[in-house]
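Please open the model in your viewer and keep the selection tool at hand. The stops below say what to select next and what is there.

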Amino acid sequence: MTLDQKPADRTTTRLPLLTYVLAAGTFLMGTTEFVVAGLLPEMARDLDVSVARAGLLITGFALGMIAGPPAMAILTRRLPPRWTLSLALVVFAAGHVVVAVGSIFTVLLLARFVTALATGAFWAVAAVVGARAAGPGASSRALGVVLGGGMLANVAGVPLGTFAGQLMGWQGPFWALAVLAALGAVGIRRFVPGEGPQHQVSSVRSELVALRSGRLWLTLAACAATTGGVLSAYSYLSPLLTQRAGVASALVPLVLAGFGAGALIGSLVGGRLGDRRPFHVMVGAASATVVVLAALCVLADEAVPVVVLVTLLGLVGLTANPVLVGFAVRFGGAAPTLASGLSTAAFNFGTAVGSWVAGVALESSLAETGPTVVGTVIAASTLVPVVALIRAQRRSTSAPR
C-alpha cells in the first residue's frame with residue numbers, strides 16, 4: 001500500500017474524548033506562541049525596545065521549540081505520557097507568571113525559551129498519544145483535531161489575548177494562560193490514562209538508530225519550510241496591516257481571528273483528507289500558499305484584499321501539518337515520540353529562521369512587505385522536499401520484495 005492509498009482499516013467511528021482533551025492543551029500552547037504577534041507594538045513600547053527587537057520574543061520561543069521536543073522526548077522517555085503532559089503544563093504556567101511580572105527584556109526572553117521547552121514536550125507527546133488513541137486508520141484525522149487546538153488558538157485565544165492586552169496591558173493574557181495551564185494540568189491527570197506494567201522504555205541508542213530513515217528527514221525539511229513560509233509573514237502582520245494597508249489597530253484582532261479560522265478549517269480538512277490523499281494535500285497546500293503570499297506582496301497597500309488574503313493564508317498555509325506529523329511518526333519507526341518531537345522542532349526551526357530573516361527584512365528597504373517577501377520564498381522551497389518525498393515513496397513501493 002502506498003501512502004496515497006486509503007488504509008484498509010480506516011474507520012468512521014468517533015474520535016475518543018482524549019483527542020479533544022489534548023486539543024485543549026494545544027489551544028493554550030498555540031495561544032502563547034502567537035499572541036505576541038498581536039501585541040508587539042505594546043510590548044515594544046513598554047519594554048523600551050524596537051518592534052523588530054520585540055519580535056525576538058517570537059524567535060526565542062521558536063528556538064526553545066527547536067531544542068525542547070527532541071530533548072524532552074529523550075529525557076522524559078521513562079515517564080508515563082500522563083506525567084510528561086502534566087509537568088509540561090506546570091512549567092508552562094510558571095513561565096507565564098515570570099513573563100507577566102517581568103520588566104527586563106532579557107528575563108522575558110529566557111522565560112519564553114523555558115516555556116517553549118515545556119510546550120515542545122507537550123506537543124511531541126500529545127501527537128503520539130492522540131494518534132495511538134485513534135488508531136492507524138484515523139491517525140491523521142485525530143492529529144488534525146489535536147493540532148486544530150493550536151489553530152483554534154488563532155481564532156479565539158490570540159484575538160482575545162490581543163484585545164485584552166490592548167485593553168488592560170499586555171501582561172493580562174500571560175496571567176490568564178498561567179491559570180488555565182494550571183487547571184489543564186489537573187485535567188490531563190484525570191483524562192489521560194496511565195501506562196500499565198507492560199510499558200516499555202527504549203534506550204537512547206535504539207531511538208537514535210530508528211531515525212535513519214531518509215523519508216523522515218525529507219518530512220522534517222517540509223515541516224520547516226511550511227511553517228517558515230507562513231509564520232515569517234504572520235509574525236509581522238501587525239505592522240503590515242496598520243502601517244501599510246491602513247487597517248485600524250483595533251481591528252487587528254479580528255484579522256488575526258480570520259487567519260485563525262482559516263487555519264482551523266485547513267487543519268481539520270487536511271487531517272481528514274490526509275488519511276487518503278496525503279501527497280495531494282501537501283503539494284496543493286504548498287502551491288496555494290506561494291500564490292497567496294505572492295498576492296499579499298503585490299496588494300499590500302489595499303486593506304480589503306489584504307484582510308481576505310490573510311484569511312486565505314490561514315486556510316491553506318498550515319493544511320498539511322497533520323499529514324506531516326503523521327508521516328514523521330510513521331517514518332520514526334521504533335521512536336515515534338522522538339520523531340514527533342523532531343517534527344515539532346522542525347516546524348519551529350522554520351519559524352525561528354523565518355521570523356529572524358523577516359525581522360531583518362522589516363528594517364530593510366522592503367519595509368512592511370519584507371516579511372511577506374521572505375515568506376513567499378521560503379514557502380516555495382517546501383515543494384523541494386515534498387517532491388523528493390514523493391519520488392522516494394514511489395521507489396520504495398516499486399522495489400522488488
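**First stop: Thr372**

Select Thr372 and set aside its neighbours within four places in sequence: Thr372 is then in contact with Ala233, Leu240, Leu293, Leu296 and Cys297, where contact means heavy atoms within 4.5 Å. Thr372 is found in helix H16 (residues 370-381), and helices here are DSSP runs of H or I with at least four residues, numbered from the N terminus. At 2% relative accessibility Thr372 counts as buried, the term being used for a relative accessible area under 20%, with exposed over 50% and partly exposed in between, for a 1.4 Å probe and protein chains only.

This is a predicted model, in which local features need pLDDT of at least 70 and side-chain atom pairs count only at pLDDT 80 or more, whereas totals for chains, interfaces and linings use all residues. Residues are numbered from 1 along each chain as its sequence is written, and side-chain values use heavy atoms, with hydrogens and water left out.

**Second stop: the nonpolar cores**

Next, select Leu22, Leu85, Leu89, Phe122, Ile188 and Met282, the residues with the most contacts inside the largest nonpolar core, which has 59 residues. A nonpolar core is a set of buried Ala, Val, Leu, Ile, Met, Phe, Trp, Tyr and Cys residues joined through side-chain atoms within 4.5 Å. Helix H5 (residues 105-134) supplies the largest share of this core, 11 residues. A second, separate core of 50 residues includes Leu40, Leu240, Val247 and Ala358.

Now centre on Leu22, which, leaving aside neighbours within four places in sequence, is in contact with Leu85, Phe122, Ala126, Val129, Gly130, Val146 and Ile188.

Apart from neighbours within four places in sequence, Arg112 is in contact with Thr32, Glu33, Val36, Leu57, Phe61, Val99 and Phe174.

Leu57 and Phe61 are among the buried residues of H3, so select that helix (residues 56-75) and compare its length with expectation: at 1.5 Å a residue its 20 residues should span 28 Å, and its end C-alpha atoms are 27 Å apart, which agrees. The expected span is 1.5 Å times one less than the number of residues. At Gly68, H3 bends by about 35°, and a proline, Pro69, follows within four residues; the bend is the angle between axes fitted to the seven residues ending there and the seven starting there. The buried residues of H3 pack against helix H1 (17-47), helix H2 (51-54), H5 and helix H15 (336-362).

**Last stop: the aromatic pairs**

Finally, show the aromatic side chains, among which the structure holds 4 aromatic pairs. Rings of Phe, Tyr and Trp (its six-membered ring) pair if their centres lie within 6.5 Å, and planes under 30 degrees apart count as stacked, over 60 as edge-to-face and the rest as tilted. Tyr234 and Phe259 form a tilted pair, 4.4 Å centre to centre with 35° between the planes, and this pair links Tyr234 in helix H9 (residues 214-234) to Phe259 in helix H11 (residues 252-274), 25 residues apart.

Phe279 lies in helix H12 (residues 278-298) and Phe327 in helix H14 (residues 321-331), so the pair ties together parts that are 48 residues apart in sequence.

Terms used:
Helix = DSSP H or I, 4+ residues; strand = E, 2+ residues; numbered from the N terminus.
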